[in-house]
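Please load the structure in the viewer and keep the selection tool at hand. The tour below moves from one selection to the next and describes what is found at each stop.

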Amino acid sequence: MTTQMYIKDYPRPQFVREQWINLNGEWDFRFDDDNVGERENWYVDLQADRKIRVPFTYETKLSGIGEETFHPQVWYEKKLTLPAEAAGKRAILHFQAVDYRAKLWVNGVYVGQHQGGYAAFSFDITPYVTFGSENVLSVKVEDSDSCTQPRGKQRWQNDNFECFYVQTTGIWQTVWMEFVDSAHVDAVKITPDFDRRSVTFEYQVAGDLKGSSPLELETVISLKGQTVKRMRLVIDRPWLRADADLLHEASGPWKFSEWSPQRPNLYDVEFILYRDGQVVDHVYSYFGVRKISIENGKVLLNNSPIYQRLILDQGYWPDSHLTPPSEEAILEDIDKILAMGYNGVRKHMKIEDDRFLYWCDVKGLLVWSEMAATFEFNDEAVEAFTKEWVEIVRQQYNHPSIITWVPFNESWGIANILTDRKQQEFTEGIYHLTKAIDPYRPVVTNDGWEHTVSDILTLHDYEESGSRFLERYKDMEAVTGNNISFNNWKYALAQGYAYRGQPILVTEFGGIAFQSESGWGYGNQVSSEEAFLERFEGITNAIKSIDTICGYCYTQITDVQQEVNGLLTENREPKVSMETIRRINLA
């Protein structure tokens with residue numbers, strides 16, 4: 001069941017205003033390989049030589065260009081007429097994701113810039129536009145092949161190699177506009193408390209808070225159409241906090257409704273801002289009441305142990321790469337993950353479209369949110385990574401489906417973390433910075449191996465044989481004590497760190513590919529569906545049989561370019577029986 005204010009294709013489903021303008025579609029476009037555009041004032045007149053379909057990057061087929069050669073500077077131009085009736089409002093231009101540095105001009109005047117390929121950002125362009133007439137948006141995007149910028153699985157060479165794919169340059173998620181009052185709700189951080197049956201709101205209100213009369217903010221919480229709580233605050237400062245209990249007859253006989261994979265109950269909430277009794281802003285959101293905790297080596301959901309059956313998802317499509325081709329495509333992936341018996345997904349090296357997270361919230365699919373890696377370690381990389389990671393944690397905080405933060409993976413960008421104290425301290429810093437924003441979710445500092453401070457101990461192991469896997473992990477104390485390496489070269493912990501009884505999960509394994517496929521998987525390829533399922537069942541059952549392991553993540557849901565180890569093809573066709581996969585997972 002969708003939330004109260006579900007709008008198909010709305011780019012930010014957790015903070016909805018009914019009136020908005022979608023700017024996706026055809027834009028003018030031009031490459032700037034010699035980086036002359038700013039000197040030659042392309043932001044005044046681009047003189048574009050081609051069109052592009054936003055939000056698909058020029059490397060993709062759906063963009064209408066489909067050129068995979070790297071171009072470090074690209075330009076976009078869009079002419080649009082703003083409605084005359086919006087005069088007096090603030091015009092806010094939103095970009096859900098642009099890779100990597102975006103600079104904006106409006107009607108030839110520079111507005112500002114944003115750096116970071118995965119975080120959303122906005123500009124108030126009111127001073128630069130004219131309502132009721134045509135305006136020109138000019139966007140320059142600068143990308144690089146530098147390994148100091150968080151790039152994830154995007155290649156930094158001319159061709160694909162190993163598990164690295166075609167780069168993403170430019171606008172790759174929705175561009176849109178909305179018009180708000182000078183005083184408006186800018187953000188709300190929502191923190192449910194499962195044990196207290198309550199929720200805390202931290203409001204951020206922008207604009208003139210004094211004016212001729214005080215502002216009042218009403219919060220209305222409802223469940224399945226019935227009002228649970230209504231409260232009203234006088235706004236006397238930009239940041240406020242309020243608590244509300246959730247015990248109400250609307251939830252049943254003085255109960256409350258929890259969020260879990262089996263019961264993904266969501267509370268709707270409205271934030272209504274008044275001045276002189278008149279509504280000046282109305283925002284719709286939602287939240288789920290659930291608790292993630294760790295106790296006695298187990299991960300607990302709502303105070304009960306949960307066995308996590310995750311699948312690795314890199315979020316690529318053949319004709320649109322990192323950009324979901326449609327909302328229906330997002331739903332198809334989630335539905336097939338659930339149909340195969342998985343209860344969660346590890347989003348690998350990608351910060352996913354907010355609509356994906358919305359549908360995970362609605363359908364009850366657990367999510368591990370993982371940052372895109374850098375691949376060098378220096379001051380520039382530390383600064384770029386930290387700034388963008390903080391933006392992402394804040395932006396994704398309210399999603400109940402996200403139960404784990406994963407800032408680092410397999411020592412990428414921190415290659416010497418085993419012994420290098422500076423790199424170890426970087427991961428410690430990111431761990432504690434994440435906890436300062438969100439103390440309620442586990443943080444995995446280096447998924448796979450060489451952990452420093454980490455709430456969960458995760459291991460990556462592509463052993464093909466279930467029996468050999470069992471032999472390797474029969475003495476888990478030896479593994480967690482760094483007395484046994486796995487994958488023949490990695491240890492569970494970085495030097496100077498000891499195992500503290502954390503839950504243990506195998507967060508990469510499998511990766512089986514067929515011999516007939518062009519590309520690669522992990523280990524030996526198999527010749528038939530029967531051989532595939534035999535190997536899949538053997539290693540999955542081996543993991544499940546070890547009491548000290550409380551979950552796993554199979555690699556992976558779909559093929560991605562040259563990596564052909566998905567349970568589904570790039571076009572989302574099953575390679576093996578989905579029902580059999582489900583039976584094995586749920587056995």
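Begin by selecting Met5, Tyr6, Ile7, Tyr10, Pro13, Val16, Glu327, Arg355, Tyr358 and Trp359, which line the largest cavity. A cavity is, on a 1 Å grid over the protein atoms alone, a set of points where a 1.4 Å probe fits but cannot get out, and its lining residues have an atom within 4 Å of a point. The model is predicted: local features need pLDDT of at least 70 and side-chain atom pairs count only at pLDDT 80 or more, while totals for chains, interfaces and linings use all residues. Residues are numbered from 1 along each chain as its sequence is written, and side-chain values use heavy atoms, with hydrogens and water left out.

The volume of this largest cavity is about 50 Å³; a volume is the space filled by probe spheres set on the grid points, which are joined across faces, edges and corners. Colour its lining by class: eight residues are nonpolar, none is polar and two are charged. In this scheme Ala, Val, Leu, Ile, Met, Phe, Trp, Tyr, Cys and Pro count as nonpolar, Asp, Glu, Lys and Arg as charged, and the others, Gly among them, as polar. Next, highlight helix 2 (residues 354–363), which gives the most to this lining, with three residues. Helices (H or I, at least four residues) and strands (E, at least two) are DSSP runs, numbered from the N terminus.

How many cavities of 30 Å³ or more does a search of the whole structure find? The search finds two.

Now turn to an open sheet of three strands, with the order 13-14-17 and antiparallel pairing. Strand 13 (184–193) and strand 17 (239–245) each have a single partner strand and stand at the edges, so one side of each lacks a neighbour in the sheet. Two strands pair if DSSP finds at least two bridges between them; strand 13 and strand 14 (residues 198–206) are joined in the antiparallel sense over nine bridges. Select Lys189 and its bridge partner in strand 14, Glu202, then Thr191 with its partner Thr200. Finally, centre on Arg197 in the hairpin of strands 13 and 14, where four residues lie between the strands and Arg197 takes a positive phi near 55°.

Definitions and conventions: On a 1 Å grid over the protein atoms alone, a cavity is a set of points where a 1.4 Å probe fits but cannot get out, and a pocket is an open set with protein on both sides within 12 Å along at least five of seven lines; lining residues have an atom within 4 Å of a point.
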